Amino acid sequence: GPLALGSVHEPAFIPLLAVSATAGLLSVVPTARERGLRAALPPGARLAVAWALLIALQLLPLPPRLLAIVSPGSYAFHDRLALTHVADWHPISVDPAMTLRGLAFVVAFSLLYAAAWQAGRHAGWRRRAFWAVCGTAFAMTVAALIQAASSRPSTIYGLWRPICDWAVFGPYVNHNHFANYLVMAIPLTAALLAEGLRRVADGWRVRHWLVFGDPPATNALIRTVLLLTLLVGLFATGSRGGVGASLLALAVLAFTLERSRRVALILALLLALTFFFIDPVPLLDSLKTRGLAYDRLPLWLDALRVAREAPLWGVGFNAYGALSPYYQSAFRETWTPQAHNDYLQVLVDTGLVGLALVARLLAIVAPAAFAAARRSARGA
C-alpha cells in the first residue's frame, strides 16, 4: 500500500481494496481450527459493522421535510442547488458518489483488519508484520531521499508526476502522509532495536566481552541503521505533526521498556545524530511561521460550523469536500476537502452518532492492544 503511489489514485487503490477485501474474506475460512485456534470475531467487529450501516443509511433518499430535521446542513445544500425549494427526495450525503467510495474503503479495510487480527494471533505472523512495516518504511525512505536529491523531486520513482505535486515526498503525494507511515514504523523499529540491545547486553553479561561480528551485535547494528534512516527521513519531510507524534511515541516507548534509561539515552543519541544528516532549518522555520493558529485552527473552526448544521447524522461520509466551499472562511483561494483533524472529520461526516461509534471502538481496541503488548513483553 505505501509503496503504491501513495494509494490515493484509482490505479493504485482499486487493486489494494480488492486484495484487502479478499484477504479478509479468506480469514473467515475455518483454517484457524487447523492451527489450534478458536474462531472468534476481532475486537470491535460489531461496531465496524454498525459504522458501515451508518454510512449506508446516509445514501438512502429521504423526503425533504425529514431531511431538514435529520440533517439541516444537507437540506440547505440541496436547497442551494435547487431552482426552487427542495421537492425531490435526497440522501443525507451531500455527495453520494464520494460516500459510496468511502463505504467501499470502510468495508475493505474492516475485512483487512479482521485478517490482520487473525494473523496476529500467531507469534510468527506478528513478527513478520513487524518486519514488513519496518522494512517497507526503510525501503521507501531510501527511495524518498534519493528522489528528493534528484533533479525531479516531484516525480514519484522518476516515472509519474501527480497533478497536485507541490508536496510530493517519496511514493506519497503529500509529505505529511509519508510522515504518518513513519509515525507507525519508527516506534516499531525502536522496539526492535531495544530487543537487539537486550540480546547484546545478555551476551555481555555471560562472556564479559563483545565482538561486533557476533550475530547479536551485528543484528543490533543493523537495527540501529534502520532506525537512524527512518529518523532522517522523518525530519526530511518537514512534517510538524509527524515529528511531534514520533517523538512522543519514542518517549513513551523509552520509559515503558525495561532498562528505560539506557534505551532513552540511545534514542536521544540517535536523534542528535540525525541532525548531522539533515538541515533542521526548514522544519524550525515551519514551526515558527505556520503554527496551529495560522493554518489549522481556522480550518477546524470552519469544520465546526458545518458540524453545527448537521449535529446528529453528519453531512455524509467522505462528502465534506462538496460542502466546505460554502462554509470556508480561511484560505478561500484554495479548496479544502478535509477538516485536517480526524476527530472533527468524523463529527462532520457522520455526526454525533458516528463519533460515538468511533469513540467506543477506540475504547475497545486500545486496551486490547495494550494488554497484548504487556503479554508480548512477558514473553506470552
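**Close-up views of a predicted helical chain**

**View 1. Helices H13 and H14 are roughly perpendicular to each other (65 to 115 degrees; under 35 is roughly parallel, over 145 roughly antiparallel and the rest oblique).** In this predicted model, local features need pLDDT of at least 70 and side-chain atom pairs count only at pLDDT 80 or more, while totals for chains, interfaces and linings use all residues. Residues are numbered from 1 along each chain as its sequence is written, and side-chain values use heavy atoms, with hydrogens and water left out. Helix H13 spans residues 297-309 and helix H14 residues 320-327, and the two pack at an angle of about 105 degrees with 10 Å between their axes (lines fitted to C-alpha atoms, for helices over the stretch in contact, with angles from 0 to 180 degrees between N-to-C directions). From H13, the residues Asp302, Ala303, Arg305, Val306 and Glu309 take part in the contact, and from H14 they are joined by Tyr320, Leu323 and Tyr327 (contact means heavy atoms within 4.5 Å). By type, the residues of this contact divide into 5 nonpolar, no polar and 3 charged (Ala, Val, Leu, Ile, Met, Phe, Trp, Tyr, Cys and Pro are nonpolar, Asp, Glu, Lys and Arg charged, and the others, Gly among them, polar).

**View 2. Helix H4, residues 72-81, has Gly73, Ser74, Phe77 and His78 as buried residues (under 20% relative accessible area; exposed is over 50% and partly exposed in between, with a 1.4 Å probe and protein chains only).** These four lie on the same side of H4, because they cover an arc of only 135 degrees around its axis (the arc of the directions from the helix axis to the C-beta atoms). The cover over the buried residues of H4 includes helix H3 (64-70), together with H13 and H14. Where H4 faces H14, their axes come within 11 Å and cross at roughly 75 degrees, which makes H4 roughly perpendicular to H14. On the H4 side the residues are Gly73, Phe77, Arg80 and Leu81, and they meet Ala322, Leu323, Tyr326 and Tyr327 of H14. The residues of this contact of H4 with H14 comprise 6 nonpolar, 1 polar and 1 charged.

**View 3. The largest nonpolar core of the model contains 27 residues (buried Ala, Val, Leu, Ile, Met, Phe, Trp, Tyr and Cys joined through side-chain atoms within 4.5 Å).** Within this core, the residues with the most contacts are Phe178, Tyr181, Leu182, Ile186, Leu227 and Leu231. Two or more residues each come from helix H6 (123-148), helix H7 (175-207), helix H8 (215-237), helix H9 (240-254) and helix H10 (260-274), and H7 gives the most, with 8 residues. Leu227 touches Ile186, Thr189, Ala190, Leu193, Leu267 and Leu270, when residues up to four places away in sequence are not counted. Elsewhere, a second, separate core of 15 residues includes Val94, Leu323, Leu344 and Val348.

**View 4. Ser246 is placed in helix H9.** With a relative accessibility of 0%, Ser246 counts as buried. Apart from its neighbours within four places in sequence, Ser246 is in contact with Leu182, Val183, Ile186 and Leu234.

**View 5. Tyr157 and His340 each have a positive phi although neither is glycine.** Tyr157, in the loop between H6 and H7, has a phi near 55 degrees and is partly exposed, at 39% relative accessibility. His340, in the loop between H14 and helix H15 (342-377), has a phi near 60 degrees and is also partly exposed, at 37% relative accessibility.

**View 6. Val49 and Arg126 are shown here, the former in helix H2, residues 45-57, and the latter in helix H6.**

**View 7. The chain as a whole has 15 helices and 0 strands (DSSP runs numbered from the N terminus, helices being H or I with at least four residues and strands E with at least two).** Of the 380 residues in the chain, 39% are buried. Among contacts in the chain with a separation of 6 or more, 73% are between residues 24 or more positions apart.
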